[in-house]
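Here is a guided look at one protein chain, meant to be read with the model open beside you.

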Amino acid sequence: MGAASMGRRGGRPIHGWLIIDKPAGLTSAAVIAIVRRLTGAAKAGHGGTLDPLATGVLPVALGEATKTVAYVMDGSKTYVFTVRWGEKRDTDDCDGETTAVSDVRPDDAAIAAVLPRFTGLIEQVPPDFSAVKVAGRRAYALARSDEALALEPREGFIEDIALVDRSDADHATFRVRSGKGVYMRSLARDIAAALGTLGHVSALRRLRVGPFAEDQALPLAHAREMDGETILAQHLLPISAALSGVPAVSLTETEARRLQHGQAIASLPVASRSHTNGLCRDAVVYATSAGRPVALAQIKGSEIRPLRVLNV
């Protein structure tokens with residue numbers, strides 16, 4: 001899963017985050033286009049793609065907030081997904097074509113026994129229908145053209161995984177908390193293989209990504225019934241909402257001006273008046289001046305150097 005950003009000529013300079021509850025059937029890019037149309041925002045991006053099948057938390061960055069997307073994507077994510085046992089699909093989800101079947105249906109005890117294998121640092125092969133690049137081309141483009149694929153395994157980290165529901169013998173629902181770059185479709189496929197059967201994702205919902213949770217998310221259907229000013233007044237979060245793990249430092253106007261012009265500033269005066277503990281070497285900080293976002297910067301020796309200037 002990755003980020004995308006879209007800009008256009010004109011539009012309004014809106015800066016901050018809208019957390020959207022994405023419905024099934026739309027791509028993440030389509031949701032961004034709708035949000036931009038509703039708000040008139042000149043620039044937008046998202047913090048981690050959701051497949052068309054998936055629902056749930058899609059953080060939409062507007063304006064200069066797009067420069068903080070990586071801090072959201074690097075955070076942990078929580079999903080609930082349902083596996084349909086006994087069918088392999090070419091996309092590893094229910095949008096694909098069935099390519100193989102199995103009569104094996106695992107019971108709860110068998111499922112519980114294999115889940116420890118999928119906790120901690122794991123290796124998984126991304127789905128053929130994914131945005132992974134192969135020789136400069138997206139895997140899904142190659143898969144759609146029936147080109148043979150041999151994607152390399154990738155490491156990922158799963159904090160925990162639990163079986164949370166069995167509606168019938170054909171289905172099992174799991175809750176997963178994972179790091180970045182873990183594919184739920186691959187996880188479903190691999191759990192099924194470990195159980196001696198086949199499987200694909202039949203439902204998928206993201207409950208959290210980084211600092212953003214389901215209870216903050218505005219359903220897209222509700223947003224479409226609102227005017228842009230109301231959406232922004234009631235639901236726009238500040239740029240800093242994505243930076244909960246980044247220490248904040250306050251600058252004078254002179255320091256802010258230097259940093260925004262790409263120049264380093266002395267770190268000692270900033271640290272001496274900072275209320276943030278643990279400003280250490282190479283730390284990334286969120287610099288503000290009189291409450292205004294200035295830059296993401298890094299402490300290097302006796303200096304603070306700009307990484308990403310925020311033009312708000």
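## Ground rules and overall make-up

This is a predicted model, in which local features need pLDDT of at least 70 and side-chain atom pairs count only at pLDDT 80 or more, while totals for chains, interfaces and linings use all residues. Residues are numbered from 1 along each chain as its sequence is written, and side-chain values use heavy atoms, with hydrogens and water left out.

The protein chain contains 9 helices and 20 strands; helices (H or I, at least four residues) and strands (E, at least two) are DSSP runs numbered from the N terminus. Of its 312 residues, 47% are buried. Here, buried means under 20% relative accessible area, exposed means over 50%, and partly exposed lies in between (1.4 Å probe, protein chains only). Among contacts with a separation of 6 or more, 71% are between residues 24 or more positions apart, a contact being heavy atoms within 4.5 Å.

## Two nonpolar cores

A nonpolar core is a set of buried Ala, Val, Leu, Ile, Met, Phe, Trp, Tyr and Cys residues joined through side-chain atoms within 4.5 Å. The largest one here has 44 residues, and those with the most contacts inside it are Leu62, Phe81, Trp85, Phe174, Leu187 and Ile191. Helix α5 gives the most to this core, with 5 residues. A second, separate core has 19 residues, including Trp17, Val57, Phe212 and Leu310.

Leaving aside residues up to four places away in sequence, Leu187 touches Phe81, Phe118, Gln124, Ile158, Ile161 and Val176.

## An aromatic pair across the sequence

The structure holds 2 aromatic pairs; rings of Phe, Tyr and Trp (its six-membered ring) pair if their centres lie within 6.5 Å, with planes under 30 degrees apart counted as stacked, over 60 as edge-to-face and the rest as tilted. One of the pairs joins Trp17 and Phe212 and is tilted, at 5.3 Å centre to centre and 40 degrees between the planes. Trp17 lies in strand β2 and Phe212 in strand β14 (residues 212-213), so this pair ties together parts that are 195 residues apart in sequence. Both Trp17 and Phe212 are buried.

## Strand β5 and its partners

Strand β5 (residues 77-85) has 8 of its 9 residues buried, so it is largely enclosed by the rest of the structure. Two strands pair if DSSP finds at least two bridges between them. β5 pairs antiparallel with β12 (residues 171-178) over 8 bridges, and Val83 stands opposite Ala172 in β12. β5 also runs antiparallel to β13 (residues 199-209), joined by 9 bridges; there, Thr78 stands opposite Arg208.

## An open mixed sheet

Another group to look at is an open sheet of 5 strands in the order β16-β18-β19-β20-β17, with mixed pairing. β16 (248-250) and β17 (265-266) stand at the edges with a single partner strand each, so one side of each is left without a neighbour in the sheet. Strands β19 (residues 292-300) and β20 (residues 303-309) run antiparallel and are joined by 6 bridges. Gln298 has Arg305 in β20 as its bridge partner.

## Helix α7

Which residues of helix α7 (residues 228-235) are buried? They are Gly228, Ile231 and Leu232. These residues cover an arc of only 90 degrees around the axis, which puts them on the same side of α7; the arc is taken from the directions from the helix axis to the C-beta atoms. They pack against β2 (16-22), α1 (28-39), β4 (55-62), β15 (218-219) and α6 (220-223).

The face turned away from the buried side of α7 carries exposed Ala233 and Gln234.

## Some individual residues

Arg185 sits in helix α5 (residues 184-194) and counts as buried, at 6% relative accessibility. The side chain of Arg185 makes a polar contact (a pair of N or O atoms within 3.5 Å; within protein, one must be able to donate a hydrogen and the other to accept it, and residues adjacent in sequence count only if both atoms are side-chain atoms) with the side chain of Asp51, at 3.1 Å.

Asp92 has a phi near 65 degrees, a positive value in a residue other than glycine. Asp92 lies in the loop between β6 (87-89) and β7 (98-101) and is buried, with a relative accessible area of 4%.
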